[in-house]
Amino acid sequence: MTSAAPSFPSTVTTDVAESDEALSADAAGIAAAAAGDLRLFKEIVRALPSAVTVQDEHGRFVFINDAAAAQYRLPPASTDTTSNPPLDRRRSDGAALLAQGQSGTREERIAFGGAARALLTAHKPVDIDGRKLLLSSSLDVTEQKVIEDELFRRAYYDELTGLPNRTVIERHVTALLEDHRQHHFALAFLDVDNFKHINDYYGHAVGDALLVGIAKRLSLELRDTDVLSRISGDEFLLLLDPITSEAEVAGHIEFLLQRLKAPFYIDGTEVFASASIGISLYPEHGRNYEALRQNADIAMYRVKSDAKGASAIFNIAMEREALERMAVEQSLRQAILDRRFCCAFQPKVDIRTNEIKGIEALVRLRDDNGVIQAPGTFVDLAVELGLIDELTHLVLAEIMKSIDLINATFGEHASISVNVAAKQAGSPDFMRSFCEALAATECPKRFMVEITEDAFVAKAHFQKEILPMLREIGVGISIDDFGIGYSSLSALADITADEIKIDRSFITDIHKRPRSQGILRAIESLSDALGMTVIAEGIETFEELAYLQAMTRIRYAQGYYYSKPVFLEELRPPTVPVFTNGRPGAPGRHLEQARQPLTRTSYARAEPRDQHGATRR
């Protein structure tokens, strides 16, 4: 018996058909949604601010979004990259990364006739549907790079000259020291001579231009392995690498010195400059950067103290001198703390009447052994170390502490001259405090401030700022050591001063030197015209005095012929102990032995004597 096939009700068949239609509709909807999502995703990627590209393993770009198209000057939605060199570089770099299967980040620079743009691009290989693709995303970091470059430049390069700074040259030297190959190099420390005076006289703009000019001249003919650095205001450091001999280094440095001595033409002005250079050699003079730099610095200071505008190679003797100098520095600092200073006084005498016109206070240092040291051993060092301000105030305090004895010895109307260093005279802050201290003495009009003529290089600065402070309290101005600094008769006419002290170099043997006599007459005439009192410094013989009395109108003189500097303790009765800062002074001998204690009347009785001590009338 044959069985029949099952049959379904017509309603069931209808439901299945409807179900298939529903499934088809859902699939179509899903596909449509997926297509919409894909379009949305593409539009999002296309609109991203980051530049996105996709390239295949053959180097073809299959996708470039709008930001990338703008970067590479392509039409929107274009993948035609022909005749586009920057994008060709992206293609070759990308193909190499894709072949290696490695991610990476690259910095790119692109330019189309204008300023270059900096791009930071991240690359990532992916495998999609069996296709090897490289996804690349770029950010424009041009502005960031500009800021980074500026920060780098400020951190490692001098803003004025464009030279590397001390950090760069230190790293170069350190790298050479860490290189274990046998080699030799030299480090030269260069300091521009008298740069402060150039700044004061010509102005800071000219000073800056001079530094730029010096940097350019020093940079000429340097090798790629040499390094020139500006390490501070007027100081440069030069690395010469490699070197074959000391003679080679000396010859090259001498060449640089001669090159610097040629005039610099700045704003229509001829400016002359020179430099002092100290040199250290590796490995002879040090095995680390600091030792080499310090020894070159020591050699440079040796040049400064001997003859500027030259060079010297470091040696052990210089090191000993530097250690001795350091000991003197420490001793000076301690002496100021302990107030181990005293004053000696040298009279200014009327050569016609032998009466005392005034006195000059001369600071002296009592060292650890009780020996009195003249100012030549410590005053310049005190200026260099920034201790001179405190020392000058100590001198004024010592004067006022002994004012009664000064009056009894030299007279109540004798002026009192106090020396002020040129650096101090150009400092409004110091001069303001010093004027306040002078005003506090209640007799400021009795004081005369002696300033060396190099303080008047910047005449306008002194006349406008410093002079009014002194004039307000009635203090006199004296130009000290006139004739040996930056003096000129025209400059003298521009300076408002009360007194001019002619340096002893013009007075020594004046009766034998016709040229000095002519200069003396010129200074005397101009001083008379300007109403300045003239003081002749350094009178030591009767012949010098006799010439001044007979051949000039000069009234006042100062020197050993009349008296060496006199210490107040020599004028006190022997039973009175000497105190310094409230404590008994250290016993000791004086390097300057004064004559018999002097009084103002002793000058009135004094008669001229010749070099053998006989009375001359």
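Asn354 is buried, its relative accessible area coming out at 14% (buried is under 20%, exposed over 50% and partly exposed in between, using a 1.4 Å probe and protein chains only). This residue sits in the loop between strand E13 (341-350) and strand E14 (356-366), where strands (E, at least two residues) and helices (H or I, at least four) are DSSP runs numbered from the N terminus.

A word on the model itself. It is a predicted one, so local features need pLDDT of at least 70 and side-chain atom pairs count only at pLDDT 80 or more, while totals for chains, interfaces and linings use all residues. Residues are numbered from 1 along each chain as its sequence is written, and side-chain values use heavy atoms, with hydrogens and water left out. The protein chain averages a pLDDT of 81 (the predictor's confidence in each residue, from 0 to 100), and 82% of the residues score at least 70. Over residues 574-617 pLDDT stays under 50; for this stretch the model has 82 contacts (heavy atoms within 4.5 Å) beyond four places in sequence.

Turning to the sheet, five strands make up an open, mixed arrangement in the order E7-E8-E6-E11-E12, with strands taken as paired if DSSP finds at least two bridges between them. Strand E7 (227-232) and strand E12 (311-313) are at the edges with a single partner strand each, so one side of each has no neighbour in the sheet. Strands E6 (residues 185-192) and E8 (residues 235-240) run antiparallel and are joined by six bridges; Ala186 has Leu240 as its bridge partner in E8.

Two cis peptide bonds deserve a look. One joins Asp241 and Pro242, with omega about 0 degrees, and Pro242 is in the loop between E8 and helix H8 (246-261). Another runs from Tyr282 to Pro283, with omega near 10 degrees; Pro283 falls in the loop between strand E11 (275-282) and helix H9 (289-306).
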